[in-house]
Amino acid sequence: MQRLSVLFSTPKGCYDYLSADLLPAGQIVAAPFGRRQEVGVIWPDPPDLSVPAEKLKPISHTLDLPPLPADTIQFIDWVSKYTLSPVGMVLKMALIPDLEKQSEKPLTFDPPQISFGTVSFSPAQSDAVERLSAKVGQGFSVSLLDGITGSGKTEVYFEAIAHALKQDKQVLVLLPEITLTSAWLARFQKRFGVLPAVWHSALTPKKRRDTWRSVLSGEIKVLVGARSALFLPFPNLGLIIVDEEHDSSYKQEDGVLYQARDMAVVRGKITNIPIILASATPSLETYANAQIGKYDRIVLPERFSGLSFPDVQIVDMRTKAKGKRSFISPLLEQKLRDNLSAGNQSLLFINRRGYAPLVLCRSCGERLKCPHCSAWLVEHRNQGFLQCHHCGYTRKIPQKCPTCQETDSFISCGAGVERIHEEVLALFPTARTALITSETMANPKVFSDLSDQVLAGNIDILIGTQILAKGHNFPNLTLVGVIDADMGLAGGDLRAGERTFQLLHQVMGRAGRDQKKGEALLQSYSPDNLIIKALAQNDRSRFLAEETAARQALQMPPFGRLAALIISGKNPDTTYQAATRLAQTAPFITGVSVLGPVSAPLALLRGKHRFRLLVKAPKNFNLQSCLTRWLDVNRIPASVDVRVDIDPYSFF
Ligand code: ADP
Ligand code: ZN
């Protein structure tokens, strides 16, 4: 009998089992685990010889599947060590439920046709195609494909895909989930004659199962997916593309906390293949790596249509008439009116769902709060309720104020997308409008139908949240109005400025994509803000230079490293004590500073009290081993949870 390590999708490490045959690492097996049979994977870790062999159980059987590829296993181990997450929880992301179940009629995946719909390229595009294609099959490299929206990045990276297919390799394309639309798939089909395999959170169990199996068998050649696709067991991966690489949704914020763009680079290094990061507004991390020559930067300087970026104008909202309770300035109103008469389409952007972010009692000042979080309840007037955007708690708007008992005394403060929609309808009663948020567009079918309506010219004014910022090409859309350009700048977290720049740049880039020149208006109460100015002047390099200098001065990422510790628990005192004790035992190392504990901005979330510590270290410092040693010596009460967030993106 052989002794083997088996890893399950649990927070505990490997367990030893016996097997008559020597099974290869990666082999998927079923084994008795507690009272049940569980599916696990033979892991290359050496068995734990301290457990006597007679105590071990034999493996039940092996599954009729190829073993997980060695580089997938290595990647899982690496991510576990980097994020300080249990390796079993990383494995869980690589497996699917019901692995033993086989579909009766499994889906088949047609191979893409390499020369189906080739396009002819401009000289700059051709150059980019050549440089990228030359990297395929030549080992690890990272390229930043940098070009404004509409410059042809997608067409160009399609050629790199074709090149990998010629070498009979598999290709993974990562997209932010909301960009993974029928429009992208249709373009792929136009180029390669078939649809690619897709991977996202809304797949049916059958589709998920068949897709997973066909990735592992090598039948799937090109898969496009959201961040979780990175953990699929490709046996023959030859290229990874991360589109919209700056998008903060690549950071997973629950379970294993990882940055899919960064981990894609790691995966590329382990598998020894090229990575392409594409963006019109690269992240500071990627930009800095390109500056020092670690990444190759390939630039597409202009829009394929020959049109330049829309003209941008700031509307100074400080000077708007007092007392006029309107969120659309007279100038924006005028531009909307002109655009309507010209028969063009307009887009109004506000990145806030619901009707109003705050509801308060006019008679006593009471603000309606979430009982489980330190957050105001957001009014959703269309659905007739108030909702907490952090935990999902909902309630009806009370008839009476719970504090002063006054009836009908609540007023809505501030604006969300529903309120802007209401204002548009009041200003332009005959305009055909569409309200677009993640709720109204929850179903992809609704979204693609609406897209068709827009393309057919049946919509005049679109009003929406960031779901509208990405991936759509509406040729007749010529005016973009940003209702509240300052919104994302508040709160002051590390990337607030960067995110605002990226998002608003992208939103404004929706105007004038095709034949007609576009125009954008930025409504702002801080028109002198550097980011608002850089946006108005379409001056990306100035923004990048200033943001880089600021981060460098403070040794903040990408010039230093950060980790956040979030300490949470039901009891505020025990939780605070645990946080304080952690801070007191923090390691003294030159260059490493530990800030906190401070009450988290969301001091109460889902009924738990939260404190934060922030660890700041030099760039080449081994943060993980320092954190592991530090946390090991602390006894954390079972009622308190400590989460480590390496390279944090959220600071709430
Ligand atoms: P990006 O990904 O940079 O936003 P796309 O690849 O989506 O740019 O290109 C923008 C538009 O221009 C698309 O409709 C695309 O089909 C078209 N396009 C870009 N390059 C070419 C080309 N060489 N030939 C034909 N159409 C092109
Ligand atoms: Zn809540």
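Modeller: A polar contact is a pair of N or O atoms within 3.5 Å, and within protein one must be able to donate a hydrogen and the other to accept it, while residues adjacent in sequence count only if both atoms are side-chain atoms. This is a predicted model, in which local features need pLDDT of at least 70 and side-chain atom pairs pLDDT 80 or more, whereas totals for chains, interfaces and linings use all residues. Residues are numbered from 1 along each chain, chains are lettered from A and ligands numbered from 1 as written, and side-chain values use heavy atoms, without hydrogens or water.

Colleague: What makes the pairing of Asp 645 and Lys 251 a polar contact?

Modeller: Their side chains come to 2.6 Å, which lies within the limit of 3.5 Å. Lys 251 is also among the residues that Asp 645 touches (heavy atoms within 4.5 Å), including Glu 253, Leu 257 and Ile 566.

Colleague: What makes the site of the zinc ion (ligand 2) tetrahedral?

Modeller: Cys 370, Cys 373, Cys 388 and Cys 391 each give an SG atom lying 2.3 to 2.4 Å from the zinc ion, and these count as donors because the limit for N, O and S atoms is 2.8 Å (3.2 Å for Na, K and Ca). The angles among the 4 donor atoms are 107 to 114°, so they fall between the 85 and 135 degrees set for a tetrahedral site. Along the sequence the donor residues follow the spacing C-x2-C-x14-C-x2-C. Cys 373, in the loop between β15 and β16, and Cys 388, in the loop between β17 and β18, are 15 residues apart, and both are buried.

Colleague: How do you know that strand β11 (residues 274–279) is covered on both faces?

Modeller: Pro 274, Ile 276 and Ala 278 on one side, and Ile 275, Leu 277 and Ser 279 on the other, are all buried, making 6 of its 6 residues.

Colleague: Which strands pair with β11?

Modeller: Strand β6 (residues 141–147) pairs with β11 in the parallel sense over 6 bridges, and strand β10 (residues 237–243) runs parallel to β11 with 4 bridges, where pairing takes at least two DSSP bridges. Leu 277 of β11 is the bridge partner of Leu 144 and of Val 242.

Notes:
Tetrahedral: all angles 85-135°; square planar, octahedral: opposite > 155°, others 65-115°. Helix = DSSP H or I, 4+ residues; strand = E, 2+ residues; numbered from the N terminus. Buried < 20%, exposed > 50% of the residue type's maximum accessible area, 1.4 Å probe, protein only. Lists of a residue's contacts leave out its neighbours within four places in sequence.
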